[in-house]
Every structure is written in C-alpha cells, then in structure tokens.
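User: I would like to learn how to read a few features of a protein model. Please give the general idea, then the case at hand.

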Amino acid sequence: MLAVASLCLAACSGSGDGKDGKGGMKRPPQLVAAQTVAMEDFAPTLLALGTVTPSQSVAVRPRADGEIVGIAFREGANVRAGQLLFRLDARQAQANVQQARAGLASAIAAEIQARAEYSRAQALVGKGFISAAVVDQRRAAADAARAQIDAARGQVKAAETQLSFLTVTAPISGRTGELGFRLGANVRQGDATALVTINQLSPIHVRFLVPAANVQQARLLLANSGGAVVARDRQSGEVLATGRLVFLDNNIDPGNGGVAARAEFRNEGDVLWPGAIVDVEFPLGRATPHIALPEGAVQTGRDAPFVWAVSAGGNGPDGKAPAGKGGGGKVQMRDVVVAGRLGGKVYLASGLKPGEKVVVDALARLRDGDAVRLKGPGKPQMAASPDRAPAGSAG
C-alpha cells in the first residue's frame, strides 16, 4: 500500500502534458474555422432610416357651397390632373350667369344709343341748334355707357367663375384616398374635412437624416446628379427602388444633430408607399480597396473592435497539420479600424494585411494566445453577427 501511495504522489506532483507552466491545466487546441484576409472594393456608405412621402399631396376642398350631385371617380383610384372629380348643384350659379349676360347685353344697347345721341349732338352744335354744353353731356353719357359695358363683362366673368367652382377637378395626377363626403352631402368652403386627398406616387420621395459628419460628402453627391440612392425593405433587405438625392436642408437640426435630406424615386409599380419605413443607403465617396470580412468575425471590444488573428504554426511535432485538417497555430487579439459595413460584410481601414488568417467561428471560447486547429475546407459555422453600425453611420 505504501508503494502504491508513493506512485500516486509522484504522478500528482509531476509536470506532464496535462499542466501548463503556471501549475494550471492546459487548454486543449480549439477547433475553429478561419478565413484568409482579402481585399475588396468598398465605398463608404451612409445607412439611414427613411420615411416614404408623396412628392405632392393635395387635400381637395370645395371653393363654393353646394350639394354634391355627382362623383366621377372611385376612391383609391388613380386620377389625372384636370380630371373631373365632383359636381355640385349648379342651378343657382347658372341662373346668375344668365342674369349677368343679360345685363351685359343691356349695357351694350345703352352704349350704342348713347353713342348715337352724341354723334347727333356733334352734328347739331355746328348749326347752332344746341349748345356746346349739351354736346359735353352727350359725350359724358356715351363714356358712362361704355364703362357700364366693362362692369357688366366683369359680372359675367365673376358669375362664370363661380359656376366653374361647382365642377371640382383633380389639381394633380396621383392616387385618391378615402372620400370625405358622399353623394348628396352639402359642402362649404370652410369645411375642415377635405372632399378627398390625392397623393402623387410617381415620382415619390423618401425623407431621411444625414449626420452632420457626412454633410459635405452628401453635398458633393447632390452636386454630382444625386448619385445612386437605394431603398431597401427593412425585413428582407431586398432592393425596392433606386433613385437619386434631390434635396439637402440648409441647417443642422439641433434636436437630432442631422440634416434633413430627400431622395426621389420613379416608383415603377408603386413599390414604395407613403408612410412606409425603409432602409436608405448611398455611397459617400469612390470605391477603394479595403480588407473585407464577414460581420461575425469582427467582435466589439471595450476600447475598439477586434478580430482573432491566427499566427503561423502546426499542430504536430513536425510542425505540420494532421492529415485531413486545415493547419493550426495560436490566436492573437488584434484591434481593427472599421471603415464601414455593407451587405453582411465589414470593411476595415487598418489592423490586418492581405494573406493573414482570421477566425470566423467559435469566437466566444477563445482567449489571447490559445492554440487552435483549423477546420478543413467546407462551410464554417458562423458566429452570431454583432449589432450593425447605427443607422446613418458610414463606420
């Protein structure tokens, strides 16, 4: 029994392969997948949340009081500018027009008579039958009759204009909304409720904010025909439409620290709908080569983003990887500078060089200096991607 105990003590006190230099158990090499670093062209891109708004929106209201006697469109339908929408009861307005036209005819007849009397007075004054004062009176009467014609014509135009207000047409082309009044309703000029609202959907606009740090880049883009602004579906990331930047406000909003911007899209097929929230992205400069990595390979550190870089080294005593494996070495925590994120990739400004290897899975189990074994060819199991950069940030 003493001999067995001695052997056990000797085994426990030894510094074999199961111990590290500090008396703790050695961590076995971790099996990870790695990717060789390569360069890809990348342009710093602004990512922002945008709100779809119609390029024009008009609340159609009556310009005269009356009863709705006709509706010439279906609510929710597309209409053209100038198309008939509503007809109001026009009987009283038509009577007013007729009365005004009759007044004009009467004024014309009175002017003809006054002008004839003035002409006769001019002929008689030379023969001494009437005085010059009578001629002056006849001339004044003729001029007054002419003025009455002008006044009567103005009354006719006013009556015709009032009559035209009883026929309501579309001021713009677009899609109509819900009706505010139905057939038979009496409407007035001061009604708060519109007859109907028309939104122009083609072209359509998307409003978003440009961070103050990117205003100068956005100005250059605006000066260069607006660039290529992309609107994406927030859920699927699908490209809905491609347009251009058309507006940049003239001041920075102190409330949100950004500048209001607007992009215009042709909106074929009405894929963009007013009120919808979409992701907006557009390049802030020319594309240049950057280190490209999957988003899951870049971790968020306390001071800076970092990756796990794999140093050269083998797994076996001869320095070579075992058969069927992809090699190995040790991992090192490497701080990196992120230039931007786009399409599930992170583009680095510095921190790595082409040809180096970076761990792309099993990231949570690693410690600085750990030995690793690399998986062979095949699709690695990616780590969960970190949160994306805040909307509107090129970095």
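Predicted model: local features only at pLDDT ≥ 70, side-chain atom pairs only at ≥ 80, totals over all residues.

User: In what order do the 4 strands of the open sheet stand?

Analyst: Strands are DSSP runs of E with at least two residues, numbered from the N terminus, and two strands pair if DSSP finds at least two bridges between them. Here the order is β3-β16-β21-β20, with antiparallel pairing. The edges are β3 (38-42) and β20 (337-342); each has a single partner strand, so one side of each has no neighbour in the sheet. On average, neighbouring strands are turned by 45° against each other, direction ignored (axes are lines fitted to C-alpha atoms; angles run from 0 to 180 degrees between N-to-C directions).

User: How many bridges join β16 and β21?

Analyst: Strands β16 (residues 288-294) and β21 (residues 345-350) pair over 4 bridges. A292 has Y347 in β21 as its bridge partner.

User: Which backbone angles deserve a look?

Analyst: Most residues other than glycine have a negative phi, and most peptide bonds are trans. The peptide bond from S202 to P203 is cis, with omega near 0°, and P203 sits in strand β11 (residues 196-211). N267 has a positive phi, near 60°, and D270 has one of about 55°. N267 belongs to the loop between β14 (258-265) and β15 (277-283), and D270 is in the loop between β14 and β15 as well.

User: Is N267 buried or exposed?

Analyst: Buried means under 20% relative accessible area, exposed over 50%, and partly exposed in between (1.4 Å probe, protein chains only). N267 is buried at 4%, whereas D270 is partly exposed at 26%.

User: How many salt bridges does the structure hold?

Analyst: A salt bridge is a side-chain nitrogen of Lys or Arg within 4 Å of a carboxyl oxygen of Asp or Glu. The structure holds 14. One of them joins R232 and E281, with the closest N and O atoms 3.1 Å apart. R232 is in strand β12 (residues 229-232) and E281 in strand β15, 49 residues apart. E281 is buried, at 10% relative accessible area.

User: Which residues form a network of salt bridges?

Analyst: E111, R115 and D143 are linked in such a network.

Notes: Residues numbered from 1 in each chain as written. Heavy atoms only, no water.
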